[in-house]
Amino acid sequence: MMEKMIFGRYVPGDSLLHRMDPRSKLIMVFLFVIVVFIANNVPTYAVLAAYTFLMVGLSRIPLRFLYGGLKPVFLLVLFTFLLHIFMTKEGDIVFELGWLKIYEEGLRQGIFISLRFLLLILMTSLLTLTTTPIEITDGLETLLNPLKKFKFPVHELALMMSISLRFIPTLMQETDKIMKAQTARGVEYNSGPVKERIKAIVPLLIPLFISSFKRAEELAVAMEARGYKGGEGRTKYRQLTWGMADTSMILFLAAVTVLLFVLRG
Amino acid sequence: MSKPLVRIEGVSFSYEEQQTPALKNITFDISEGEWLAIVGHNGSGKSTLAKLLNGLQFPQEGTITVCGTVLSEDTVWEVRKNVGMVFQNPDNQFVGTTVRDDVAFGLENHGVPRETMVERVQTSLDKVKMGTFLNQEPHHLSGGQKQRVAIAGVIALQPAIIILDEATSMLDPRGRAEVIETVRELKDRENITVISITHDLEEAAKADRIIVMNKGELYREGTPEQIFEMDEELVKLGLDIPFPVKMSKIMRQKGIGLTKTYLTEEELVTELWTSHSKM
Amino acid sequence: MDISLKNVEYRYQADSPFERLAISDVSIDIPSGTYLAVIGHTGSGKSTVLQHLNALLKPTKGSVLIGSREIKAGRKEKNLKGVREKVGIVFQFPEHQLFEETVEKDIMFGPMNFGVSESEAKARAIAALKLVGLPEDILEKSPFDLSGGQMRRVAIAGVLAMEPEVIVLDEPTAGLDPRGRKEIMDLFYSLHKKRNLSTVLVTHSMEDAARYADEIVVMHQGKVFTKGTPDQIFSDPVALLELGLDVPEVVGLQLKIEEAFNTKFSKVSLSEDELAKMVAEFLEGGGPQ
Amino acid sequence: MRKGHHKERGNYMNAAYSTSTGMSKTRTLVINALFIALTVVATMFINIKLPIMGNGGLIHLGNVPLFIAAFVFGRKTGAIAGAFGMGLFDLISGWAVWAPFTFIIVGLMGYLAGLMAEKMPGRKVVVYSLAVIVAMLIKIVGYYFAEVVLYGNWIQPFGSIPGNIMQVVLAGLIVIPLAGRIKKLF
Ligand SMILES: Nc1ncnc2c1ncn2[C@@H]1O[C@H](COP(=O)(O)OP(=O)(O)OP(=O)(O)O)[C@@H](O)[C@H]1O
Ligand SMILES: Nc1ncnc2c1ncn2[C@@H]1O[C@H](COP(=O)(O)OP(=O)(O)OP(=O)(O)O)[C@@H](O)[C@H]1O
Ligand SMILES: [Mg+2]
Ligand SMILES: [Mg+2]
């Protein structure tokens, strides 16, 4: 539970995607999300699918991981597919069984839209499967750096994110501890009427908030004692390195985009 | 002891909305290279004193001089570089997501260039024997290990003084010993001045000098020998008597010829041996 | 109430990639009225063992007998409230579990969860507060307005008010100053004596284990390393030191004296007076030859 | 672990919000960070099992820290807890596509709830209740349109509405009577 939480669904590895700079991965995913909406016919969707599966391959993430983690989302894809098939009543009937009629346009839309949804899910998941949350934070920080000119506190936001990532496991342990302590005092979290279950949350929440406030207080003092005085004049220890692979991958996606425009119907 | 590194003169301090002052007219010096222990009951003002030394609070009366600089709003960042602090709760001072990031935090704050940072992170972690834990995350470390990382974070800034505010009180005996041992080695090797606030009198007994705080006042100041002569008076102040001291007393009562009170078991045993092995 | 653990194994996050074996093959008997201390260094499984004593954790192998209730691995257990009422646990830093608006309400919380009437719970709150040595006039205060030591006592009172037959303590004095530490330990000892309350204490303090317990269990790497009376356990201090554990200061000093004089006293003494007497006799009797 | 805990917290509040010194900035930053973490933890780890509804009847309580942040610390902390907390949750639990939408929708929920709590006159209970209702509406409408984009149709997104309502209502039921108490503790 613990480990799962911290990394989210990050799967450690040494694939090309793992080694890429988080900035390039973020740019790629961002572009992809826009590009997906260009597709509108069989060739364009085929290109998109091919591209996505190539990326999945490059990530070397075992397929069962991909499937296991995304099961609930896949159900949504399936549901989307069925819904479009049954709802759209245009074009020829391709299949008929009693009252159930499936139209050509419905099938087409069902496949296209659910495929688009699936590809979106896969590509965004690839990002989080191959990049730790802290790398994503680093990447976003550097990408958003230009906003500093407009007094946007990029640096503070990044530090804030990294502190929150560091405290997630600690707060989880804390939650577990408090739950156990209250259970020992007779609280039952998952039985009894709904009203009781809601009431049982209070003895968990109050101590959790109190200890968090105390932590915040002590942590702030510790940070200042170590010389923290806001973002100005700070140097950075964590470093990102943009390599050949990053440039190539982005150029590749750009090429795919051009191809999509060409093939678009 | 050599020249005074820290000079505290007539310092008083009250928290807002608090009737009784937390510190009343405190005056003392700290010499370069000494190990000073500060003891006292809960709420006696020890942590407040530590916060003043680091400029986390400013006294309403009196002045504090650290390494020749008078502490004020303007000099506080300079002084903080010279005075490192390690706090009680290992979890609530770990800022980074990994060990190396945490050590780097202070360096980043002071604008140290990256190349220097990389080098200092490694050497400071080596000094506290955590050099192989670079990429560990805090929740995988024991309390003692987290405290040693905190120490590494402090010494990376190459301070002249380290203040430990009950830095070992949440640790198990093993962790406690590790941390104290680490600080002791650092002090010997780098001539760092150590101010240790502690309830652990065995630890205080090994200091060069002890200051006893009571209700915001400096109650007594002296060498461990002088302080532990206070005996029952210490218990009245909410403190304890270290085991070797207690033991020396009991042995004397049982008629064993001991010339004085011993502060460590080693001293006690050596004395027993030298005074009784003549035959 | 008797408690006994039979070949208990516990794995955290069993059947996941993050599975972690915490304790295995642990068998401990705690007959009614015992004062048992559990020692062992960090991560040796002490807290894990503790949580089996009132079914907060259910063994992944083996079984736990709590009074007449058996908690067995692989079985779905329901309605554990009865067990939890009889076995109270004081966790490390118990003041972190306070949440009510007044001290009184917080102490009443446990008893009322177990179906005690409001008036009865109030009476118990007053009694429990007296037991832990706090004045009655703090009943109406917010627990968060108290000092650290007082908060700790209120939390302990909250467990005592459940009137358990067994009390389980996980390092109850951690973080307190010397005076507070002694007061809390004396409190539990007198409860144990006066009410014949079974007590299980997890501690890092060998002095406390030696001074208060009838029986000591030494945990090491998730297994029971040895168990016995304090005299038995500390009669072989070297074994403990080899595990990386401490021995009581008196025992440590005796070892140092024995080494210096190259001798061996007839027994290991657990009290300062006794050691002083032994040393005095030894020196009078001619001392080192 | 010291006397006058309560007082200290009182001071802290002043320090954080009445002055604009460096100290208060650090504290605000840390409070925000902790609320992000609390939101993630509550979303992932603290559930109430309802004997009704699909997906096992599990209702997560991620909205609880969000509302506390908004009511006790105001719109900024509310918006941050919502946007970054829930967004991070989506990112690390397989709902990455939803993350950008969540960032905006839940961020807005936190912001408006906080804004109302700060600015609206009247009894706190009424203000908080209205704030919860507003937040709920934003959530319903926001996710409806987000999912229209994702699912490519206008019908399927209706499926999420009951769940969204339950989450917010439940959180409201927990937070409204509690907010005052927590505010005092701080
Ligand atoms: N932030 C604060 N606001 C108001 N009063 C405070 C604050 N911190 C400490 N005090 C008060 O100042 C006095 C001295 O506290 P201080 O923390 O310095 O004691 P201490 O000797 O470090 O105690 P302990 O052994 O418990 O750490 C106490 O009466 C305490 O209640
Ligand atoms: N919630 C948990 N999830 C996973 N592993 C755990 C959990 N709690 C404890 N463990 C592991 O189980 C083992 C035994 O831990 P336990 O807490 O019982 O030790 P302990 O003897 O109480 O230590 P300490 O003296 O530090 O309190 C350790 O290896 C620990 O890392
Ligand atoms: Mg203190
Ligand atoms: Mg433990």
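Let me begin with α1(B), where B:Lys46, B:Ser47, B:Thr48, B:Leu49, B:Ala50, B:Lys51, B:Leu52 and B:Leu53 are buried. Buried means under 20% relative accessible area, exposed means over 50%, and partly exposed is in between, with a 1.4 Å probe and protein chains only. This helix covers residues 46–53 of chain B, and eight of its eight residues are buried. Helices (H or I, at least four residues) and strands (E, at least two) are DSSP runs, numbered from the N terminus. Just after α1(B), B:Gly55 has a positive phi of about 70 degrees.

Some ground rules. This is a predicted model, in which local features need pLDDT of at least 70 and side-chain atom pairs count only at pLDDT 80 or more, while totals for chains, interfaces and linings use all residues. Residues are numbered from 1 along each chain as its sequence is written, chains are lettered from A and ligands numbered from 1 in the order in which they are written, and side-chain values use heavy atoms, with hydrogens and water left out.

Next, ligand 2. Which residues come nearest to ligand 2? Of the 14 residues around it, they are C:Thr42, C:Gly43, C:Lys46, C:Ser47 and C:Thr48; a residue is near if one of its heavy atoms lies within 4 Å. By class, this shell has two nonpolar, nine polar and three charged residues. Here Ala, Val, Leu, Ile, Met, Phe, Trp, Tyr, Cys and Pro count as nonpolar, Asp, Glu, Lys and Arg as charged, and the others, Gly among them, as polar. α1(C) gives the most to the shell, with three residues.

Now the polar atoms. A polar side-chain atom of C:Lys46 is 2.7 Å from an oxygen atom of ligand 2, and for an N or O atom in the side chain of C:Thr48 the distance to an oxygen atom of the ligand is 2.4 Å. The protein covers 72% of the 640 Å² of accessible area that ligand 2 has on its own, by the Shrake-Rupley method with a 1.4 Å probe.

Elsewhere in chain C, C:Glu95 sits in the loop between β6 (87–90) and α3 (103–113). Why does C:Glu95 count as buried? Because its relative accessibility is 4%. Its side chain makes a polar contact of 2.8 Å with the side chain of C:Arg152. A polar contact is a pair of N or O atoms within 3.5 Å; within protein, one must be able to donate a hydrogen and the other to accept it, and residues adjacent in sequence count only if both atoms are side-chain atoms.

On to aromatic rings. The structure holds 27 aromatic pairs over all chains. Rings of Phe, Tyr and Trp (its six-membered ring) pair if their centres lie within 6.5 Å; planes under 30 degrees apart are stacked, over 60 edge-to-face, and the rest tilted. A:Tyr67 and A:Phe74 are stacked, at 5.8 Å and 20 degrees. A:Phe209 and A:Phe213 have centres 6.4 Å apart and planes at 40 degrees, so that pair is tilted. Both A:Phe209 and A:Phe213 are buried.

Last, chain D. Its secondary structure comes to seven helices and two strands, and 60% of its 186 residues count as buried.
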